[in-house]
Every structure is written in structure tokens, then in C-alpha cells.
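Have the sequence and the 3D view open as you read.

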Amino acid sequence: MKAKFVRTKNVKKFITLINNLTNRAKGVPGMALVFGEPGLGKTQAALWWAAKNRDEILYIRAKQSMTPRWLLEEIVKEQEEQPLYKCSDLFDQIVKNLIKVFLS
């Protein structure tokens, strides 16, 4: 049996959300939070989208015990860099990498 990703009603809503973020006016910040009851396909939809658009997005999944530092380290690792030590340096590292991406 071949695995196939099914575009359910919730997946279509997720795609609409991403398209709205992608097509927002220039200079308007954008971020999405996907939430809901367990079992609705949020994680699967996000993983599917991340796999299809690997060069365009960072996929970070927050964990229950995640600290702010841990989150910053995960973002830096997704940017394929070695995390710096101090939280303020991690934040600056992320910002510099995002500026490079958006200005290129």
C-alpha cells in the first residue's frame, strides 16, 4: 500500500492560512499559530507543508517543557548554524539570518 497525504477540510484551511501569509502586503509582518484539539491533523499538515517547502520555511515544533533558550537554539539549528551561548546572542543570530533571507 502506498502512503498518500489527503487534503481534508482542515488541511485546506491550513493551505489557505499559508497562502494568506505568503501573499500579504510587502512590509507586513507575518506569523501563524496553528492550534486545536488533538487528532485534527495539525502536525501532519505542517510536516507535509514543511517537506514540500523545505527551502522556504523553518519548521519548529514547541515542546511542553521547552524553555526560551531551547526554542532559540532550535531556530538557529533549523537555520543550519551552530547556536551561540548567550540568549541575547542567539536572538541576534536569528535576526541576522532572517534579515539575510528577506533581503536577498
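Predicted model: local features only at pLDDT ≥ 70, side-chain atom pairs only at ≥ 80, totals over all residues.

**Overall picture**

The chain has four helices and zero strands, so its elements, read from the N terminus, run α-α-α-α. Its C-alpha atoms fill a box of roughly 45 × 35 × 25 Å along the principal axes. Of the 104 residues, 21% are buried. Take the contacts between residues at least 6 apart in sequence: 21% of them join residues at least 24 apart. As for charge, the chain carries 18 positive and 10 negative charges, and their mean positions are 10 Å apart.

Helix 2 spans residues 42-52, and its buried residues are Ala45, Ala46, Trp48, Trp49 and Ala50. Helix 1 (9-22) is among the parts that cover them.

The structure holds three aromatic pairs. One of them joins phenylalanine 5 and tryptophan 48, which count as stacked because their ring centres are 4.7 Å apart and their planes meet at 10 degrees. Phenylalanine 5 sits in the segment before helix 1 while tryptophan 48 belongs to helix 2, so this pair ties together parts 43 residues apart in sequence. Phenylalanine 5 is partly exposed, with 28% relative accessibility, whereas tryptophan 48 is buried at 15%.

Phenylalanine 14 and tryptophan 49 make an edge-to-face pair, with 6.5 Å from centre to centre and 75 degrees between the planes. Here helix 1 supplies phenylalanine 14 and helix 2 supplies tryptophan 49, a link between distant parts of the chain, 35 residues apart. Both partners are buried: phenylalanine 14 has 9% relative accessibility and tryptophan 49 has 14%. Through ring pairs, Phe5, Phe14, Trp48 and Trp49 are linked into a cluster.

| Acidic residue | Basic residue | Closest N and O atoms |
| Glutamate 73 | Arginine 69 | 3.0 Å |
| Glutamate 74 | Lysine 77 | 4.0 Å |

Why do such partners face each other along a helix? An α-helix has 3.6 residues a turn, so residues three or four places apart point the same way. Glutamate 73 and arginine 69 are four residues apart in helix 3 (residues 68-78), which means about one helical turn separates them. Glutamate 74 and lysine 77 are three residues apart in helix 3, again about one helical turn. Arginine 69 is partly exposed at 25% relative accessibility. Glutamate 74 is partly exposed at 22%, and lysine 77 is partly exposed at 45%.

**Two residues of helix 4**

Is asparagine 97 buried or exposed? Asparagine 97, found in helix 4, is buried because its relative accessibility is 9%, under the 20% cut-off. Leaving aside neighbours within four places in sequence, asparagine 97 is in contact with Gln79 and Glu81.

Lysine 100 is also found in helix 4, which covers residues 87-103. Lysine 100 counts as exposed because its relative accessibility is 54%, over the 50% cut-off.

Definitions and conventions: Residues numbered from 1 in each chain as written. Heavy atoms only, no water. Buried < 20%, exposed > 50% of the residue type's maximum accessible area, 1.4 Å probe, protein only. Contact = heavy atoms within 4.5 Å. Lys, Arg positive; Asp, Glu negative; His and termini not counted. Charge placed at Lys NZ, Arg CZ, Asp CG, Glu CD. Salt bridge = Lys/Arg side-chain N within 4 Å of Asp/Glu carboxyl O. Phe/Tyr/Trp six-rings, centres within 6.5 Å; stacked < 30°, edge-to-face > 60°.
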